[in-house]
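Please look over the sequence and the model before reading on.

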There are 2 protein chains.
Amino acid sequence: MSTDPTRERILDSAEELFYARGIQRVGMDAVRDAAGVTLRRLYQLFPSKGDLVEAYLARRDARWLRGLAAHVDSAAHSPRAGLLAVFDWLEDWFARPDFHGCAFINSFGELGGTSPQVTAAARRHKDAFHAYLRELATAAGASADTGTQIALLAEGAMTTAAISGTPAPARQAKQAALLLLTLDAGGVAASA
Amino acid sequence: MSTDPTRERILDSAEELFYARGIQRVGMDAVRDAAGVTLRRLYQLFPSKGDLVEAYLARRDARWLRGLAAHVDSAAHSPRAGLLAVFDWLEDWFARPDFHGCAFINSFGELGGTSPQVTAAARRHKDAFHAYLRELATAAGASADTGTQIALLAEGAMTTAAISGTPAPARQAKQAALLLLTLDAGGVAASA
DNA sequence: AGACGGCGAGAACGAGCGTTCTCACCCGTG
DNA sequence: CACGGGTGAGAACGCTCGTTCTCGCCGTCT
């Protein structure tokens, strides 16, 4: 039921198009063509473009955070290493040829002024991301404030990487995060 | 000639509308109404909407950086204090009722995927901002890398303040910048 | 005075797009 | 076999919007 293949195919196409071109520059016709589905079926599953956008953002939110957490879990022997691994994951993302910035920052920039739904979706996504980094920070023996500051570095790296077109900001942000973490949580020692 | 009052009035209206609602959701008719000018005159001064958008971004870039530098110059007895004053200026900006994020990040999110002109304008603006922070950092006795990292904090604060709707990220970023600066440029020694 | 060039106001045009409708067709059921 | 409901393909509708055109008016130069 939650895995209706047609629905997923539509969302795959919508995600690719919305993310690459922006939401407003992608018509329902383009989604229909890309998904190889009829317009009637598209509107049966998503009664309006707003619904499709909401579903796109909801799925991307879940997928993005799941991917990040999976990388952190697999690459990290400690919360401290996990927090730093966030930036390696970001760097991989930034270096992908289809990388075009954070979909939520982009959507907010595009529709934040006129769509409360998009604003709310962006806020939820960023809240969850920042809360996750605060958790990692406190688990690593640092304060929640340090987690917030590291989140700001991650956000800045996303926008800077997108606009400049290089993945380098990930390493700069990681370096700064390492310093902040070391300053707050002490050396590599887990002794607190 | 660079201060044609009609041209300035049009740009004032365009800036207010583009910034508040997004570029694509503002028609030339809305600009005409807000500027109290005829459509013919509008097209005489800006032959296409793309030209108007470019002029909007160019003027905002200059004004924003000039405002920042003026605040830094007036509030700072030292380069170190100037670098930190950047975040006070950001906080004032974030707290303004019409604050809606960085116009360049928003424009990039809206049109970065389809408009090379907008992408280039955003890149120029961010390059200039980051270069300015690197200058301040090196003048304060820190490395250019520290300036870059502080720029990432500033960028992250902008997007987070915009999406969350609070000016608090400015203070968090300032706190982190202070730590990075102190770590790199030594203690309060420089600020005699 | 009379022709003329530029101007204001707004209509008009053409394209894009969100959404709905038409119509021919195929299906399982009585 | 007749039939009603759902489907695919695409046209159609109504709106927005970038851009241009029309028309009536006014100041100017000769």
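## The surface near the DNA

Among the residues of the surface near DNA strand D, 4 are nonpolar, 3 are polar and 5 are charged. The structure discussed here is a predicted model.

Both chains take part in surrounding DNA strand D. Chain A contributes Thr38(A), Leu39(A), Arg40(A) and Arg41(A), while chain B contributes Arg25(B), Gly27(B), Met28(B), Leu39(B), Arg40(B), Tyr43(B), Ser48(B) and Lys49(B). Two elements give two or more residues to this surface, namely helix H3 (39–45) of chain A and helix H3 (39–45) of chain B.

DNA strand C is surrounded by Arg25(A), Gly27(A), Met28(A), Leu39(A), Arg40(A), Tyr43(A), Ser48(A) and Lys49(A) from chain A, and by Thr38(B), Leu39(B), Arg40(B) and Arg41(B) from chain B. Here too, H3 of chain A and H3 of chain B are the elements that give two or more residues. The surface near DNA strand C holds 4 nonpolar, 3 polar and 5 charged residues.

## The build of chain A

Chain A contains 9 helices and 0 strands. Its pattern along the sequence is accordingly written α-α-α-α-α-α-α-α-α. Taken along the principal axes, the C-alpha atoms of chain A fill a box of roughly 60 × 35 × 30 Å.

The domain assignment of chain A gives domain 1 (1–47) and domain 2 (54–185). The centres of these two domains of chain A, taken over C-alpha atoms, are separated by 27 Å. Where the domains meet, 10 residues of domain 1 of chain A are in contact with 11 residues of domain 2 of chain A. The side of domain 1 of chain A that touches domain 2 of chain A consists of 7 nonpolar, 2 polar and 1 charged residues.

## How the two chains are related

Chain A is superposed on chain B by a rotation of 180° with 0.0 Å of shift along the axis, and the RMSD is 0.0 Å. That is the relation of a two-fold axis. The same surface serves both copies, for 100% of the contact residues of chain A recur in chain B.

In the contact between the chains, 41 residues of chain A touch 41 residues of chain B. On the side of chain A that touches chain B, at least two residues each come from helix H1 (5–21), helix H6 (103–111), helix H7 (116–139), helix H8 (144–164) and H9 of chain A. The largest share of that side, 14 residues, is supplied by H8(A). By class, the side of chain A that touches chain B has 17 nonpolar, 17 polar and 7 charged residues.

## Packing of the helices

Two packed helices are described by the angle between their axes and the distance between the axes.

| Helix pair | Axes come within | Crossing angle |
|---|---|---|
| H9(A) and H9(B) | within 10 Å | roughly 90° |
| H5(A) and H9(A) | within 9 Å | roughly 170° |
| H5(B) and H9(B) | within 9 Å | roughly 170° |

How do H9(A) and H9(B) lie to each other, roughly parallel or roughly perpendicular? Their axes cross at roughly 90°, and H9(A) and H9(B) are therefore roughly perpendicular to each other. The residues that make this contact are Ala176(A), Leu179(A), Leu180(A) and Leu183(A) of H9(A), together with Ala176(B), Leu179(B), Leu180(B) and Leu183(B) of H9(B). The contact of H9(A) with H9(B) has 8 nonpolar residues, with no polar and no charged ones.

Within chain A, the axes of helix H5 (residues 79–95) and H9(A) cross at roughly 170°; H5(A) and H9(A) are therefore roughly antiparallel to each other. From H5(A), the residues Arg80(A), Leu83(A), Leu84(A), Phe87(A), Leu90(A), Glu91(A) and Phe94(A) meet Ala170(A), Arg171(A), Ala173(A), Lys174(A), Ala177(A), Leu178(A), Leu181(A) and Ala185(A) of H9(A). This contact of H5(A) with H9(A) has 11 nonpolar, no polar and 4 charged residues.

In chain B, the axes of helix H5 (residues 79–95) and H9(B) likewise cross at roughly 170°, and H5(B) and H9(B) are therefore roughly antiparallel to each other. Among the residues in this contact are Phe87(B) of H5(B) and Leu178(B) of H9(B). The residues of the contact of H5(B) with H9(B) comprise 11 nonpolar, no polar and 4 charged.

Notes
Residues are numbered from 1 along each chain as its sequence is written. Chains are lettered from A and ligands numbered from 1 in the order in which they are written. This is a predicted model: local features need pLDDT of at least 70, side-chain atom pairs count only at pLDDT 80 or more; totals for chains, interfaces and linings use all residues. A residue is near a molecule or strand if its C-beta atom, placed from the backbone, lies within 6 Å of it. Helices (H or I, at least four residues) and strands (E, at least two) are DSSP runs, numbered from the N terminus. Ala, Val, Leu, Ile, Met, Phe, Trp, Tyr, Cys and Pro count as nonpolar, Asp, Glu, Lys and Arg as charged, and the others, Gly among them, as polar. Axes are lines fitted to C-alpha atoms, for helices over the stretch in contact, and angles run from 0 to 180 degrees between N-to-C directions. Angles under 35 degrees count as roughly parallel, over 145 as roughly antiparallel, 65 to 115 as roughly perpendicular and the rest as oblique. Two residues are in contact if their C-beta atoms, placed from the backbone, lie within 7 Å. Copies are superposed by least squares on the C-alpha atoms of residues with pLDDT of at least 70 in both. Domain bounds come from an automatic or database domain assignment.
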